[in-house]
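Visitor: I have a model open and would like to learn how to read it feature by feature. Could you walk me through it?

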Amino acid sequence: MGSDDLVTPMTGPGAPDAALLQAIVQSAMDAIVVLDAEQRIVSFNPAAEQMFRCSAAAALGQPLDRFLPARYREQHQRHIAAFGITGGTTRSMGHLRPLTGLRANGEEFPIEATIARVDVRGAPYFAAIVRDITARLAAEASLRRQVELLNLAYDAIFTWTWDGEITFWNAGAERLYGYPATHAVGRRSRELLRTDHPAGGMEIAQALEDHRVWEGELIHRRRDGRVVVVESRHVLVEGEGGRYVLEADRDITERRQAEAEHARSVAREAAARAEAAAAAAARDRLQDILDDLPGGVVLMTEPEGRVELTNAAMRQMIRGPADPDAHAPVCSQDLVFAWLDGSLVGANERPGLRALRGERVQNQQLLLVRPDGTTIPIAVHVALLRDGPGMAHRVIVFVQDVTQLRQAEQLKDDFLALVSHELRTPLSVIHGGAQVLVNKPHLDEDMRRELLLDVVAESERLERLLSNLLALTDITAGRLQAALEPVLLEPLIARTAADFRRRSAVHTFTVEVDRSLPPAEADPDLLEVVVRNLYENAIKYAPHGGAVRTTAEVDGESVVIRVADEGIGTAPEHVAGVFERFRRVGGDHRVRGMGLGLYLCRGLIDAQGGTIEASSPGPGQGSTFTVTLPVARGWAASDHT
Ligand code: ADP
């Protein structure tokens with residue numbers, strides 16, 4: 001039977017035309033090989049010739065084994081036999097074993113085959129359709145390798161059709177999103193992952209259309225609901241099955257969280273720095289304010305006694321203004337307090353601690369013990385600083401240096417004692433004299449006159465004392481106003497000297513003042529008080545008498561008046577001190593006085609714009625007091641020299 005017979009025998013309605021069948025067989029892409037009952041090849045189409053590298057002429061009549069590798073021939077025979085027994089009519093592609101063909105040149109290649117049994121006029125034939133799957137297997141292997149590689153990738157990689165349906169889902173995607181491939185494939189990716197597009201979905205589609213690539217950030221949700229931020233790359237691929245998108249996602253949630261945390265910590269740091277700077281600025285401002293305060297301020301933490309802040313006055317109080325360390329911070333060891341008797345204040349009795357215990361610390365009189373062991377009297381006040389509700393562990397200690405206050409108190413006490421003493425003496429002379437005059441009416445005229453002169457002298461003394469005190473009060477209160485005018489010195493001095501001549505028989509008052517001397521710019525009343533005080537002292541401090549010489553001359557724009565006596569004089573170291581209040585340096589303490597006369601003189605001369613100085617060659621050698629006043633305005637000093 002020839003191959004032509006095989007393609008013609010089918011009959012019945014719809015049976016294809018033989019010529020058509022022949023054309024299909026000849027032009028088929030697959031190899032079609034027909035065998036007869038003896039397994040001989042009775043038909044071998046051009047595709048078979050091509051596949052097995054064997055012409056139909058050479059193949060016809062040959063057993064099919066001829067195109068199978070020897071090791072599969074026996075197995076093939078068994079299949080054919082079984083095929084005959086089971087009476088099956090078809091086997092689909094790939095169901096036949098072996099799946100390896102043998103070309104005429106001995107080369108083996110993978111095949112896929114379908115075999116069908118057809119009975120033609122009672123005789124069985126077998127039609128085998130064979131496909132060379134070398135290329136397909138290679139493609140599949142390469143695909144498998146690619147999938148394996150994709151599965152190795154850490155990133156989630158999946159593909160979806162242009163409609164969004166997932167077609168491939170790698171192990172990374174399973175890990176990242178929690179869905180197995182079996183669940184993901186076939187679903188729409190955006191719905192599955194509940195994608196948020198910070199960039200906008202349309203923008204991605206547009207970028208893929210335009211550039212075939214899109215890169216950016218997406219927010220997905222995992223199967224467990226957690227949000228994942230991914231860095232995503234989409235590539236548009238034009239495949240055989242149409243367009244699809246390959247999406248590779250990298251989890252950057254942690255990176256984003258780290259970045260956010262970093263940003264937060266940077267912001268926190270910046271806020272902390274700003275807060276610290278503000279606190280430092282506030283502290284600086286506070287420090288400036290405190291430094292301007294005249295009293296000492298210490299901010300300390302109790303009960304430890306740690307010093308947080310001190311002001312300039314406090315540091316100066318501790319170290320003295322000349323100390324080079326005056327600006328160095330003060331620590332608690334520098335703050336030593338003593339009671340007024342000099343014994344140290346114990347740690348528990350510190351003013352700060354006492355205030356913390358609820359005791360009132362106001363105007364507490366203590367001594368501040370300086371590092372060099374000297375002490376200064378202080379008054380201490382403490383205020384509590386409440387940091388929180390009811391919480392106080394910081395205190396502000398205000399320290400006031402009361403040295404001057406103490407000195408003033410001392411001065412006041414001394415002054416009162418002196419004034420009472422100075423008042424009592426003339427008063428007792430006046431009182432005693434007056435009583436004698438009253439009780440003894442028959443006193444002789446000389447005695448009577450002497451007593452009356454004493455009373456007059458002491459009342460004058462009282463009067464001078466009181467006017468001195470009043471002038472002093474005016475000076476201290478800043479009320480003293482000098483009424484300046486041109487004052488001719490000669491008459492003023494001559495008049496005063498004459499007055500004093502009457503008061504002392506043992507002193508010689510000489511006045512050497514040129515009548516043509518230009519007048520001084522002065523207040524005549526105040527100037528007279530000064531001259532009187534100087535004369536008074538000249539008598540007091542020259543108890544044995546002697547000359548009291550007054551001169552006046554012009555020196556440049558000034559008039560210089562000098563009063564020189566021959567009294568007890570002054571040691572050079574005491575000369576400058578004689579003008580201080582209550583200072584009675586080097587003088588004879590039996591001589592009555594309050595140490596206020598020269599102090600007053602200096603105040604009065606200051607008020608007239610002049611100067612007053614004392615000089616003495618030494619004890620026992622007399623003293624000279626020099627008053628300098630400006631020449632009266634409009635008087636050219638040089639005209640009168
Ligand atoms: P008082 O005379 O009341 O003591 P003053 O202020 O007038 O006070 O004088 C102060 C001191 O200066 C006197 O105590 C005395 O020691 C000294 N002193 C003043 N005048 C003379 C003088 N002419 N000669 C020597 N010492 C004088």
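**Reading the model step by step**

Guide: Let's begin with confidence, since this is a predicted model. Over residues 1-13 the pLDDT stays under 50, and the model has 19 contacts beyond four places in sequence for that stretch.

Visitor: What is the average pLDDT of the protein?

Guide: The average is 86, and 91% of the residues score at least 70.

Visitor: Thanks! Next, the nonpolar core. Which residues touch the most other members of the largest one?

Guide: They are L489, L527, L534, Y535 and V627, in a core of 52 residues. Helix α17, spanning residues 524-540, gives the most to this core, with eight residues.

Visitor: Which residues does L527 touch, not counting residues up to four places away in sequence?

Guide: With those neighbours set aside, L527 touches V487, L489, L492, A522, I605, Q608 and L629.

Visitor: Are F44 and F52 buried or exposed?

Guide: F44 is buried, with a relative accessible area of 6%, and F52 is buried too, at 4%.

Visitor: What kind of aromatic pair do F509 and Y535 form?

Guide: That one is edge-to-face, with 5.0 Å centre to centre and 70° between the planes. The pair links distant parts of the chain: F509 belongs to strand β19 (residues 507-513) and Y535 to helix α17, 26 residues apart. Both F509 and Y535 are buried, and Y535 is one of the core residues that touch the most other members.

Visitor: Which residues do ring pairs link into a cluster?

Guide: F44, F52, F67 and F109 are linked that way. F109 also has a charged neighbour: R103 lies over the face of its ring, at 3.9 Å from the ring centre. Elsewhere, the charged end of R243 sits over the ring of W162, 4.6 Å from its centre.

Visitor: One last feature. How many residues of helix α12 are buried?

Guide: Six of the eight residues in α12 (residues 312-319) are buried, so by the under 20% cut-off for relative accessible area the helix is mostly covered. The buried ones are A313, M314, R315, M317, I318 and R319. Following α12 comes G320, with a positive phi near 85°.

Technical notes: Residues numbered from 1 in each chain as written. Predicted model: local features only at pLDDT ≥ 70, side-chain atom pairs only at ≥ 80, totals over all residues. Heavy atoms only, no water. Core = buried A, V, L, I, M, F, W, Y, C linked by side-chain atoms within 4.5 Å. Buried < 20%, exposed > 50% of the residue type's maximum accessible area, 1.4 Å probe, protein only. Helix = DSSP H or I, 4+ residues; strand = E, 2+ residues; numbered from the N terminus. Contact = heavy atoms within 4.5 Å. pLDDT = per-residue confidence, 0-100. Phe/Tyr/Trp six-rings, centres within 6.5 Å; stacked < 30°, edge-to-face > 60°. Lys NZ or Arg CZ within 6 Å of the ring centre and 35° of its normal.
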